[in-house]
Amino acid sequence: MRILRFVVRRLLQLIPVLLGVVVLTFLLVRVLPGDPVRTILGQNATEADAAAARARFGLDQPLWRQFLDYLRGLVTGDFGTSIQSGGSVGAEMALRVGPTLELVVIAVTIALVAATVLGVWSARRANRPGDHGIRVLALIGNSVPDFWLGLVLVLVGYSVLGWFPAPSGRVDPDTNLTPLTGADLIDAVLTGNGPAIASAAAYLVLPVLTLVVGVVAPLLRSVRASALEVLRSEPYAAAEAHGLPRRTLLYGYLLRATLVRLPSLAALVFGTAIGSTVLVEYVYSWQGFGQWALRGLLYRDYPVVQASVLMIALCYVVVFLVADVVHAILDPRVRI
Amino acid sequence: MLSIENLSVVIRRPGRQVAALNDITFAVRPGEVVGLVGESGGGKSMVARAIVGLLPDGSHATGRVVFDDADVLGMDEVALAAHRGRGVAICFQNPRGALSPTRTVGRQLVDRLVTHQNMPVDRAREAARELFEAVGIRSPQRRLDAYPHELSGGMAQRVMISLATGCAPGLLIADEPTTGLDVTLTREILRQFRHAADTDGRGVLLISHDLASIAEVCDRVVVLYAGTVVESGPAAQVLREPAHPYTRALLRSVPDVGGRPVVATAGAMPLLTRAPQNCPFVARCGHADDTCAARRPTTEPLAGGPDGWSLACFHPQAGPIGAEPEPVRAIPAADPAVGPQAKSTVLEIDDAHVVYRSRFGSGGHHALRGVSLRVAAGETLGVVGESGCGKSTLAKLVMGLVSPTSGAVTVAGHSLVRQPGRAHLRGRALRQARTRAQLVFQDPIGSLSPRRTVADSIAEPLRAAGLSAAERAARVAAVLDRMELDRSILQRYPHELSGGQAQRVGIARALVGEPDLIVFDEPTSALDVTVQAQILTVISEVTADKDRAAVFISHDLATVRGFADRVVVLYLGRIVEEGPVDVVFDHPRHPYTMALLASAPRLGGGTGAGGDAVELVKDLEEADATTGCPLAARCPFVTDTCRTQQQHLQPYGASRAACWRAPELAALTGKQATTP
């Protein structure tokens, strides 16, 4: 019950934060050098053409007027019209968010599980060869650039071994998947489309692996450090001195105490992963949110940039909220 | 059951070697409570670790630790796992720290029951409830689902005891089980161990630095010094007439509520790198001669003593302690002839309330409820009470670290914080005024900045006052001499100091700015007994300054008696009794004061003039002060009047007490009611 109240309160706090984001991005994109109208009209357009285009997108209005129009649209759920494509920004984004979220959520989940298992295993063998091996591997994974790792995985997994589909798209078009949420694996499960499930899963393997390798190191390091701390702590020594069996020690006294500090780091890592997807999406032609947002930024497509920044901010805030709730559930000492 | 034979432990680490235990021999039989006493560093905890086979890395043990016919030192992992818990279970020193913070205490107990008594989980939960009840936890069903941080210190210690007994061990080891607990709880907790020995026939090994407080429940005591057994024997006799000079020194350094002066033993325990060739106590002993310095005394039965009394000394002493005129400095009892009334008032608190509001919404914790105090220059005021009674809040209030919700606080004529309806200072003037009151903290090392040298720490108040570097150095040097600290200490960092040195530095820091008022907030409770005695000597000397007032806060009544002029007894944020220290201690008027005095440990077992033991019926946390006397829920003399009428301080002779029944209590203490 207290947790529910906390969530509601935090969601209310979300409103001023997002309002601030809206104002800032609106101003920032307009301060950036570059003119969206020039980029779509090309070299040979006349001043008259440009003025007409500006009028069409409402860019000839005074700034406050544009902002009010933008706000009015936001309230009704209208993110505006893309200058580049002429399509609705809201509709375009809806298509793009699903695939990227699917990628990031699966990758971060796998990374969390792997970090917990390996981190605890590593801590219990601290300073033995297995421990060092895992830490070196994690460090290497963390040091390799995402796009390069992506290319290597494509080379090995697709070209050499041929186990995984080509890095183009997210699901085999022959499976006739009906898009619902945009996240293909979920769509496939929802529609009960067997072949599509297999295909979407196969397409996911390499990009997810790329992301996991990129983000697992800091998580692993944190889990190992806190597990070591717990292993050397008084409560653990006390439980050990009372002769509790290894299983009870591991699940009852080590695991939860170790994971207490993980959620806040996991939230940060989640944010980083959203950023890293841009490159991974390029490598795997994922047609996701990152690619779309980047193109919007390059062409100074104001509505697209505003919408994508707002979306990322929303993701961050929600993820940190989830992290705080999980932290409070794990650690009874936290008051929320 | 447990028999330790010639146990020696040497810890080898790169670059240093410590002989932690040297030739220890003693035994614990079923149903027997054995006390293991000595200063910290004497090897007490090492003995406990050796018994459960948890010696630190790099240690090398010789000798035998025989438990139920098996040598613990030779056990393999499997045998050790069975031995730990089922054979020997430890109650850890800091119960709140030793309980896992992320698991409910009920689950932790169930874990032990399931492991060692092979119970199914639902049976174990039922058994856990019964065990909680057995160790005196009220509403045990609810406590099963509590997390350790939700428990008070006393409650956590009870849970720890239940965890240890839940393993159904043959031998129960309690490592300093009462450190940090106040007098009433200490008695209660120690009784639990006696109970475990009497009813379940377990052996109990009680480890403590405080011989006086545990002696009451022990059958035998073993005194450790520098990793050697110096004396062992029946508790009552050893306590009354200790034969070894170290045991005598240990007892003499404990302040006594009876008013016996504390005698400090100079020096510190040596850190041995190899087994000693001479008597390890030789450097600090008043009776030492050449023999002591040349040879190590063997452990021999005391001639003419009762069975099992043995000691390792060439010069065994006889007679009760305190009888002989011992060397070294005694703390002079405060001279009541000095009339403080005529002096100027340094601290004045008038009907102060402090309420800690909760962060959101209404409610809050009412820490002080209408406290009025007056301390004059040259006077020392003792403040005593159980933990949670508002002592520390009072210290913060005096220092201007919390502002009163209502009421007024004045230090040397200034108010240090914003107070309702009063002007207060700002900026430089406020900083100047604040230097007039200084605080000495409970944790001596923790209250010094770890990144500053001692010189910087001591000079800090002077820098705030804007003195030049040369002047600072001179003042620091002067105060260092007064604290009997060596100049070489100036360049050291806090972690390089011993507890006693750090507390001297803390006092020096408080003293260096020549403040009008020094507040001592439990300055000795974190220190070893013999160091405690040394620090108390220093403090008594400081509080004797004629132009300075002092407030000495402590949960230990005996330390206050040493040098306070007046004493104030706090209970749940109210003053329940105040008066000259001797009057309050010898003729307490308030039932709460009587109970505090009755539960204070006393050498020789005699009771004080306060009368027969008055016992409170419940724990502090269960007493809620709504209307009427705050003590009503716990007081054995309670009547309906007490439950409805607020009590105010009324003069009774030289002291004042907030109890309307005070005049008739003296007659009642003999036949005190047993039910509330």
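Guide: Welcome! The model is predicted, so local features need pLDDT of at least 70, side-chain atom pairs count only at pLDDT 80 or more, and totals for chains, interfaces and linings use all residues. Residues are numbered from 1 along each chain as its sequence is written, while chains are lettered from A and ligands numbered from 1 in the order in which they are written.

Visitor: What makes strand 17 and strand 22 of chain B edge strands?

Guide: Strands are DSSP runs of E with at least two residues, numbered from the N terminus, and two of them pair if DSSP finds at least two bridges between them. In the open sheet with the order 17-18-19-15-20-21-23-22 (chain B), strand 17 (437-440) and strand 22 (650-652) each have a single partner strand, so one side of each lacks a neighbour in the sheet.

Visitor: How do you know that strand 17 and strand 18 of chain B pair?

Guide: Four bridges join strand 17 to strand 18 (residues 517-521) of chain B, in the parallel sense, and the definition asks for at least two, so they pair. B:Val440 stands opposite B:Phe520 there.

Visitor: What makes residues of domain 1 and domain 2 of chain B count as in contact?

Guide: Their C-beta atoms, placed from the backbone, must lie within 7 Å. By that rule, 13 residues of domain 1 are in contact with 13 residues of domain 2 in chain B. The bounds, 219-330 for domain 1 and 340-442 + 516-586 for domain 2, come from an automatic or database domain assignment.

Visitor: How many residues does each chain give to the contact between chain A and chain B?

Guide: Chain A gives 19 residues and chain B gives 26 residues.

Conventions. Contact = placed C-beta atoms within 7 Å.
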